[in-house]
Amino acid sequence: MMQHTEPKLFALIPAYNEEKNIERAIQRTIAALEPLARPFVIIVINDGSRDATRAIVERQGAADPRVQLLNHATNRGVGQVFRTGFQHVLAAAAPDDWVLTTEADNTSDVGILPEMLRRLAAGDDLVLASCYAPGGGVTGTGVHRHFLSAVANAFIRQLFGLRRLHTFSSFYRLYRVAVLRRVCEKYGEQLIDSPGFSCMVELLVRIHRLGGVRISEVPMVLRGEERIGASNMKVMKTIIGYFELFWRELKHR
């Protein structure tokens, strides 16, 4: 396998009907990564979008070979999107490479990427961008959704023994490939059982249970006003997904 002078960074961006946001999300990510003098590739996983998302990503890829597309012909849900993305990366990555996952809707603050990368270079295995950690915050998002997230996070913190952490469901994370390999080897095809947004909580819990994993958070202000159009997250469906995850994980404790 090819050796890198610097760990290569694979940036995964899940996208579903994001034609109004995806081009800017790709360009913001490129602009944040280019000054770091580190090899990188941006992989957009299009989850059966019914709009122009796929065509926009293909156009971006034609102009810049660092932009790649993985495509689902039909909508398969967030859980399958990340299974597709991780399987693709792990087939190509070296153990010392890194994986960034982020949002397609521009609500993630790419300005904190250098600090997240610094944490991984210093020995952390997983770095979470956290809008609930001290110094973080949320703007441009409805009060009810913010309240539900805060309640769910408090419950998760106690239930799964993750008391040092504050954010659990955000897509915006930086992983060491070696840790993703460990959790994949342990869980195999059951790495991510949850089809919806709770899959990020599920993956975090399973990585934590590996033991010996260094996890840290970098505070971030999540800016909902940067998104064009409504969020793809359905609140009630997500709440049901959390309860299904709680029940499933408690049965296996």
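This is a predicted model: local features need pLDDT of at least 70, side-chain atom pairs count only at pLDDT 80 or more; totals for chains, interfaces and linings use all residues.
Residues are numbered from 1 along each chain as its sequence is written, and side-chain values use heavy atoms, with hydrogens and water left out.

The chain holds eight helices and nine strands, taken as DSSP runs (H or I of at least four residues for helices, E of at least two for strands, numbered from the N terminus).

| Chain property | Value |
|---|---|
| Buried residues (under 20% relative accessible area, 1.4 Å probe, protein chains only) | 52% of 253 residues |
| Contacts (heavy atoms within 4.5 Å) between residues at least 6 apart that join residues at least 24 apart | 82% |

Asp-97 sits in the loop between α3 (78–92) and β4 (98–101). Although Asp-97 is buried, it has no salt bridge (a side-chain nitrogen of Lys or Arg within 4 Å of a carboxyl oxygen of Asp or Glu), and Lys-8, the nearest side chain of opposite charge, is 6.8 Å away. A polar atom of the Asp-97 side chain does, however, lie 2.8 Å from the backbone nitrogen of Ala-94.

In helix α4 (residues 113–121), the buried residues are Leu-113, Met-116, Leu-117 and Leu-120. They lie on the same side of α4 because they cover an arc of only 95° around the axis, judged by the directions from the helix axis to the C-beta atoms. These buried residues pack against several elements, including β1 (9–15), α1 (22–33) and β5 (126–130). After α4 comes Gly-123, with a positive phi near 125°.

Conventions. Buried means under 20% relative accessible area, exposed over 50%, partly exposed in between (1.4 Å probe, protein chains only). Lys and Arg count as positive and Asp and Glu as negative; His and the chain ends are not counted. A polar contact is a pair of N or O atoms within 3.5 Å; within protein, one must be able to donate a hydrogen and the other to accept it, and residues adjacent in sequence count only if both atoms are side-chain atoms.
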